[in-house]
Structures are given as structure tokens and as C-alpha cells.
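This briefing goes through a few contacts in one protein chain, topic by topic. Please keep the sequence and the 3D view open while reading.

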Amino acid sequence: TVASSILMIGVGAACVLSLTMLQQEGSHLRVNRATNIIENAAHLYQLGIAPADIAGILPPDPMVKAFSYRAPTTAETVDMPQIGNPQVVMLSLEYYTSEGAVAWTPGTWGTRPDTADASQKDTRTIGPLKVYRHSYRP
């Protein structure tokens with residue numbers, strides 16, 4: 001009986017460890033997906049797509065809570081006289097970190113099934129990411 005008790009404790013510890021590893025893997029997957037989305041948005045801006053149109057071009061993802069953009073403030077701009085005046089935009093992406101916080105709705109960005117929860121502890125933000133593109137206008 002003592003040997004079986006020790007064996008059961010070992011099996012229980014292994015189960016807890018594997019569950020923790022699965023949760024961490026899911027968390028890393030969501031961070032990678034969010035990073036991929038904001039990088040694609042930055043590339044689309046650099047290709048000449050207007051910031052307002054980027055969210056409509058990227059495929060919807062239920063883990064994305066909000067995609068936003070804004071013009072930088074004067075303090076955030078950089079003068080680059082040697083290469084011209086580049087156009088600049090600040091991109092941000094807020095995403096859900098926990099799998100239970102998202103619900104898949106085809107063709108839309110993320111939605112929360114429990115909108116009464118206003119704690120926002122299950123969201124993270126990437127950005128603002130400053131993205132430059134060359135302006136070919138004189």
C-alpha cells in the first residue's frame with residue numbers, strides 16, 4: 001500500500017506538470033499569433049495600404065480584442081532629412097491571453113462570451129509599434 005501511494009503521488013505530480021506545460025504552450029501560441037498579426041499589419045502599411053483598411057485585409061482572429069492605429073505625436077516623430085520625410089503610424093494590438101476568453105464567430109474579430117467581466121486581466125497589448133514607410137510625394 002505504501003508503494004502504491006508513492007506511485008499515485010508521482011502520477012499526480014506528472015499530471016499536474018503536463019497540464020501546466022500545455023497551458024504554457026497555449027499561451028506561447030497566442031503570443032506568437034498576436035505578434036504575427038501586428039507584423040503583417042506593419043508590412044501592409046509599408047506596402048502602401050491605409051491604416052484604416054488594414055483590419056479589413058487581415059483575416060479575422062477571435063483572440064484579437066482590438067487592432068488600433070494612430071498618428072504619432074510630435075515627440076514620437078523622427079526627423080530624417082537624409083532620406084526624406086517618411087510617413088509614420090503607431091500600431092497596437094490587444095489580444096486575449098486565455099483560451100476561455102474567446103468565442104469563434106466566423107468573419108469577425110474576437111468577442112468575449114462573458115462581457116460582464118470587466119477585469120481585463122486576460123488581455124495583453126503589443127505596441128505601440130512605430131512603422132515607417134517612405135513618402136514618394138515631394
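With which residue does Lys65 form a salt bridge? The partner is Glu94, and the closest N and O atoms of the two are 3.8 Å apart. The model is predicted: local features need pLDDT of at least 70, side-chain atom pairs count only at pLDDT 80 or more, and totals for chains, interfaces and linings use all residues. Residues are numbered from 1 along each chain as its sequence is written, and side-chain values use heavy atoms, with hydrogens and water left out.

**Salt bridges**

- A salt bridge is a side-chain nitrogen of Lys or Arg within 4 Å of a carboxyl oxygen of Asp or Glu, and a search of the whole structure finds two of them.
- Helices (H or I, at least four residues) and strands (E, at least two) are DSSP runs, numbered from the N terminus.
- Lys65 is partly exposed at 30% relative accessibility, and Glu94 is partly exposed at 22%.
- Buried means under 20% relative accessible area, exposed over 50%, and partly exposed in between (1.4 Å probe, protein chains only).
- Arg33 forms a salt bridge with Asp61, where the closest N and O atoms are 2.4 Å apart.
- This pair links distant parts of the chain, 28 residues apart: Arg33 is in helix 1 (residues 2–46), and Asp61 is in the loop between helix 2 (51–57) and strand 1 (64–70).
- Arg33 is partly exposed, with a relative accessible area of 32%, whereas Asp61 is buried at 10%.

**Pro59**

- Pro59 is also placed in the loop between helix 2 and strand 1.
- Pro59 counts as exposed because its relative accessible area is 58%.
- Its C-alpha atom is separated by 9.0 Å from that of Ile37, 22 residues apart along the chain.

**Ser92**

- Ser92 belongs to strand 2 (residues 87–96).
- Ser92 is buried because its relative accessibility is 16%.
- Contact means heavy atoms within 4.5 Å; leaving out residues up to four places away in sequence, Ser92 touches Ile38, Ala66, Phe67, Ser68, Thr125, Ile126, Gly127 and Pro128.

**A charge over a ring**

- Arg133 lies over the face of Tyr45, at 4.0 Å from the ring centre.
- A charge sits over a ring if NZ of Lys or CZ of Arg is within 6 Å of the ring centre and within 35 degrees of the ring normal.
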